[in-house]
Amino acid sequence: MRLRTAVVILSVLLAGCAHHGLRVNGDTVTLTLRAPHAGTVQFASSLDGFEPHPAVLTGGSVWEVSVPAGSQFSYFYLVDGEVYVPECAFSETDGFGSRDCIYVPGM
């Protein structure tokens, strides 16, 4: 019974967490963030000095932004104004005590 309760609690907690993905289509990479409770999501990257750009809510709780896929860049999200760095394949420290994700073309 305890195990079942723990599994249910864990499932509820994970359902509220953000999930991140990306897909490359030609010369564009589209990054997605599932953020069920977000009111706004912005995307910031080293492509333009980490200027925040609004992500588009595409359905349900999935936010999306597309950028050029030709070169490596660092990035993070702002979810309701708070920095959010998802789990990602490649990351680096950002010099401010946190980390940024890194997009590497072809990886």
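Begin by selecting Phe43, Phe73, Tyr75, Tyr77 and Tyr103, which ring pairs link into a cluster; keep in mind, as you look, that this is a predicted model. A search of the whole structure finds seven aromatic pairs.

Next, centre the view on Tyr77 and show what surrounds it. Which residues is Tyr77 in contact with, once its neighbours within four places in sequence are left aside? The list includes Leu31, Val41 and Phe43, and also His20, Thr32, Leu33 and Gln42.

Now move to Phe50 and Phe76, an aromatic pair that is stacked, with 5.7 Å from centre to centre and 15 degrees between the planes. Phe50 lies in the loop between strand 3 and strand 4 (53-54), whereas Phe76 belongs to strand 7, so the pair ties together parts that are 26 residues apart in sequence.

Finally, turn to the charged side chains, where the count comes to two salt bridges. For one of them, select Glu64 and Arg23, whose side chains meet at 3.2 Å, N to O. This pair links distant parts of the chain, with Glu64 in strand 6 and Arg23 in strand 1 (residues 19-25), 41 residues apart. Glu64 counts as partly exposed at 21% relative accessibility, and Arg23 is also partly exposed, with a relative accessible area of 46%.

For the other salt bridge, select Arg99 and Glu87, whose side chains meet at 3.8 Å, N to O. Here Arg99 sits in strand 10 and Glu87 in the loop between strand 8 (82-84) and strand 9 (91-93), so that distant parts of the chain, twelve residues apart, are linked. Arg99 counts as partly exposed at 24% relative accessibility, whereas Glu87 is exposed, with a relative accessible area of 69%.

Definitions and conventions. Residues numbered from 1 in each chain as written. Predicted model: local features only at pLDDT ≥ 70, side-chain atom pairs only at ≥ 80, totals over all residues. Heavy atoms only, no water. Contact = heavy atoms within 4.5 Å. Phe/Tyr/Trp six-rings, centres within 6.5 Å; stacked < 30°, edge-to-face > 60°. Helix = DSSP H or I, 4+ residues; strand = E, 2+ residues; numbered from the N terminus. Salt bridge = Lys/Arg side-chain N within 4 Å of Asp/Glu carboxyl O. Buried < 20%, exposed > 50% of the residue type's maximum accessible area, 1.4 Å probe, protein only.
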